[in-house]
Amino acid sequence: MGSPEKYVEDVKRWFLELKSQFENERNENLQLELLKFSNFLDAVGKGTPTNVLELKAEVENLYRTSLRFAEQADEELQETRRVGIGQHKLPPLPYEYDALEPYISREIMILHHDKHHKSYVDGLNKAEKMMEKARDTGDYDLLKHWEREAAFHGSGHYLHTIFWNVMKPKGGGMPGRELLRQINRDFGSFEVFKRHFSEAANKVEGVGWAILVWSPRAGHLEILQAERHQFMTQWDTIPLLVLDVWEHAYYLQYKNVRADYVKNWWNIINWDEVEHRFNEASKLQWKEY
């Protein structure tokens with residue numbers, strides 16, 4: 001341990017680091033313990049042997065307290081942020097089924113949300129449980145199948161969850177200032193971006209999505225196509241605006257004229273949500289290459 005004086009100095013440095021880790025925590029008991037230790041540390045003085053023994057006991061007590069708090073906080077974080085294996089749920093629509101009419105009919109919204117989206121949730125839950133079973137039994141013969149199921153249904157679940165929230169009644173118009181500035185920077189103008197996105201949606205082969213993403217590594221926006229949710233995608237990008245161009249999203253109303261559906265879709269975009277996603281995504285800064 002060295003001299004008493006050196007031990008006291010080491011404890012002071014340790015305490016400053018510990019205090020900085022918890023300075024934004026609002027737990028009253030933890031902050032009280034930190035304050036008590038700080039007052040005790042000020043009273044130790046030059047570190048006589050008796051005071052050092054008392055200090056050592058206080059250090060151990062504070063260490064145990066901080067460790068318990070960290071473990072409790074970690075457990076609470078897992079409980080609030082972690083979806084259990086096979087426990088995904090169908091999110092409710094943020095508006096009524098008929099709220100997007102006349103652009104998307106109530107009938108389509110009921111079918112699309114309650115049937116199609118739910119099937120993705122159910123499929124993802126089943127895939128996760130079957131992969132968990134494979135881990136438990138050591139039988140991985142069907143792993144490729146369940147991995148593909150997890151990719152397909154998981155992508156369908158997550159993209160649809162975004163899709164519902166990037167639309168709203170009486171939407172459309174223009175994005176907010178920061179997102180519009182980035183669109184102008186990356187595409188030249190909003191009109192060029194809109195045409196590019198619409199063309200990408202119209203030209204998706206088969207069924208799939210057109211997706212506006214933020215690329216943290218490149219530091220700019222991109223427009224991507226995705227076939228069957230998980231094909232032709234780019235990993236390490238963040239979806240900001242998505243458009244479902246699977247036939248179930250429009251065929252009952254627009255038949256085979258997908259272009260009309262895509263054109264009218266621009267009237268119901270929730271740019272506030274897209275802007276929020278952009279603001280959060282743009283905080284990420286990866287090494288560029």
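Me: Hello! Looking at the model above, is S105 buried or exposed?
Reply: A quick note on the ground rules: this is a predicted model, in which local features need pLDDT of at least 70 and side-chain atom pairs count only at pLDDT 80 or more, while totals for chains, interfaces and linings use all residues. Residues are numbered from 1 along each chain as its sequence is written, and side-chain values use heavy atoms, with hydrogens and water left out. Buried means under 20% relative accessible area, exposed over 50%, and partly exposed in between (1.4 Å probe, protein chains only). The relative accessible area of S105 is 18%, so S105 is buried.

Me: Which residues does S105 touch?
Reply: S105 is placed in the loop between α3 and α4, where helices (H or I, at least four residues) and strands (E, at least two) are DSSP runs numbered from the N terminus. Contact means heavy atoms within 4.5 Å. Leaving out residues up to four places away in sequence, S105 touches Y97 and Q253.

Me: Which peptide bond is cis, with omega near 10°?
Reply: Most residues other than glycine have a negative phi, and most peptide bonds are trans. The place to look is the loop between α3 (49-81) and α4 (106-137), which holds P102. With omega near 10°, the cis bond runs from E101 to P102.

Me: What is the phi of K170?
Reply: You will find K170 in the loop between α5 (143-165) and α6 (177-187). Its relative accessibility is 84%, so K170 counts as exposed. Although K170 is not a glycine, its phi is positive, at about 55°.

Me: And what is the phi of R228?
Reply: R228 sits in the loop between β2 and β3 (238-244). With 37% relative accessibility, R228 counts as partly exposed. R228 is not a glycine, yet its phi is positive, at about 50°.

Me: On to the strands: in what order do they stand in the open sheet?
Reply: Two strands pair if DSSP finds at least two bridges between them. The open sheet has 3 strands with antiparallel pairing, in the order β2-β1-β3. At the edges are β2 and β3, each pairing on one side only. From one strand to the next the twist averages 20°, and the order to remember is β2-β1-β3.

Me: How many bridges join β1 to β2?
Reply: β1 and β2 form a hairpin with 4 residues between them, and G219 in the turn has a positive phi of about 75°. Among the partners in β2, L221 is bridged to W214, and L224 to I211. The strands β1 (residues 208-215) and β2 run antiparallel, and the number of bridges joining them is 8.

Me: How many residues of β2 are buried?
Reply: Helix α6 lies across β1 and β2, running at about 80° to β2. On the whole, β2 (residues 220-227) is largely enclosed by the rest of the structure, because its buried residues number 6 of the 8.

Me: Which residues of α2 make the contact with α1?
Reply: Helix α1 (residues 4-21) packs on helix α2 (residues 28-43) at an angle of about 155°, with axes 12 Å apart; axes are lines fitted to C-alpha atoms, for helices over the stretch in contact, and angles run from 0 to 180 degrees between N-to-C directions. The pair is therefore roughly antiparallel, a label for angles over 145 degrees. From α1 come V11, K12, W14, F15 and L18, and from α2 come L34, F37, S38 and L41.

Me: How far apart are the axes of α4 and α5?
Reply: α5 lies across β1 and β3, at about 80° to β3. α5 also packs with α4, at an angle of about 145° and with the axes separated by 8 Å.

Methods: Parallel < 35°, antiparallel > 145°, perpendicular 65-115°, else oblique.
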